[in-house]
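Dear colleague,

Please find below the structure that I am handing over to you. My notes on its pockets, its cavity and its ligand follow.

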Amino acid sequence: MTNKYIYFIANWKMFGGLKTLNSLNKVISFSKNYGKYKFKIIYCPPTTLIHNLSQKFKQSSIEVGAQNCNENLEYTSLTGQINSKMLRDVGAKYIILGHSENRLNGESNKLINKKIKSSLKSGLRVIVCIGETLSEKRKNKTKRVLSNQIKSCLKGIKNLSNIVIAYEPVWAIGTGLIPKMDNLTKNIFFIKNSIKNKSTKVLYGGSVNIKNIKDLKKIKIIDGFLIGGESRNSKKFIDIIKKTFN
Ligand code: PGA
């Protein structure tokens with residue numbers, strides 16, 4: 001895993017406030033002092049912190065992303081909604097779309113496809129989450145689900161250069177469980193083969209921690225990690241990055 005840039009994306013979900021931000025000084029100095037490792041750190045905080053974080057990371061290589069958006073690009077009367085243009089305006093360079101926590105709240109592949117298209121138009125790079133549920137896995141439907149999510153979410157998008165895929169089995173998120181290494185390797189291969197652009201990055205997400213990173217890093221075709229719980233503690237997040245390279 002040392003010849004390419006490895007992505008470490010922190011998904012803070014609905015956690016964090018202004019008081020949390022000082023702890024990120026550690027990550028900033030780590031990113032400056034460990035130039036020998038090839039990594040890309042992207043923080044996706046709640047929307048309320050995007051501007052603060054983008055200011056904070058200005059003098060570093062760390063970038064900021066959002067966690068979701070409304071699909072409309074026009075300014076319009078939609079109380080409580082935020083579009084990708086507004087997120088770009090306050091400093092987001094990336095956006096996570098299709099996260100299973102939002103799919104479980106009713107987001108369809110069709111809606112995710114609209115969000116991806118509008119986010120690309122706004123100049124954001126999109127991290128598209130895909131993954132099977134436990135019942136789909138048990139019924140041996142994983143490949144069918146992944147293939148359908150890829151096809152539908154990326155429908156009509158010709159230029160995939162600003163798309164990153166995050167494979168996140170739903171049953172692995174926040175549970176402490178991760179896939180068996182051979183299954184994970186097969187699924188990542190399957191995803192890479194299903195995408196026309198051969199240089200598209202494919203990340204893994206779901207319960208990544210300081211212990212299992214030792215195994216996960218052995219899967220050389222994984223281009224990085226989307227990290228939830230363990231990314232909210234700067235020390236743990238840094239340790240995961242260090243372990244990936246040592
Ligand atoms: P987790 O979350 O690392 O806490 O499992 C990952 C995610 O939901 O992106």
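I begin with the second largest pocket, whose lining comprises five nonpolar, three polar and four charged residues. In this classification, Ala, Val, Leu, Ile, Met, Phe, Trp, Tyr, Cys and Pro count as nonpolar, Asp, Glu, Lys and Arg as charged, and the others, Gly among them, as polar. The model is predicted; local features need pLDDT of at least 70 and side-chain atom pairs count only at pLDDT 80 or more, while totals for chains, interfaces and linings use all residues. Residues are numbered from 1 along each chain as its sequence is written, and side-chain values use heavy atoms, with hydrogens and water left out.

The second largest pocket has a volume of about 260 Å³. Among its lining residues are Lys151, Lys155, Lys158 and Lys196. Helix α7 (residues 142-153) provides the largest share of this lining, three residues. Helices (H or I, at least four residues) and strands (E, at least two) are DSSP runs, numbered from the N terminus.

Pockets and cavities were found on a 1 Å grid over the protein atoms alone: a cavity is a set of points where a 1.4 Å probe fits but cannot get out, a pocket is an open set with protein on both sides within 12 Å along at least five of seven lines, and lining residues have an atom within 4 Å of a point. Grid points are joined across faces, edges and corners, and a volume is the space filled by probe spheres set on the points.

The largest pocket has a volume of about 530 Å³. It is lined by 23 residues, of which Thr47, Gln67, Asn68, Cys69 and Asn102 are the closest to its centre. By class, the lining has nine nonpolar, nine polar and five charged residues.

The structure has one cavity of 30 Å³ or more. The lining of the largest cavity includes Arg103, Cys129 and Glu168, and α4 (100-103) and β5 (125-130) each supply at least two of its residues.

An oxygen atom of the ligand is 2.7 Å from an N or O atom in the side chain of Lys13. A polar side-chain atom of Glu168 likewise lies 2.7 Å from a ligand oxygen atom. Taken alone, the ligand exposes 280 Å², of which the protein buries 94% (Shrake-Rupley method, 1.4 Å probe).

Yours sincerely

Conventions
A polar contact is a pair of N or O atoms within 3.5 Å; within protein, one must be able to donate a hydrogen and the other to accept it, and residues adjacent in sequence count only if both atoms are side-chain atoms.
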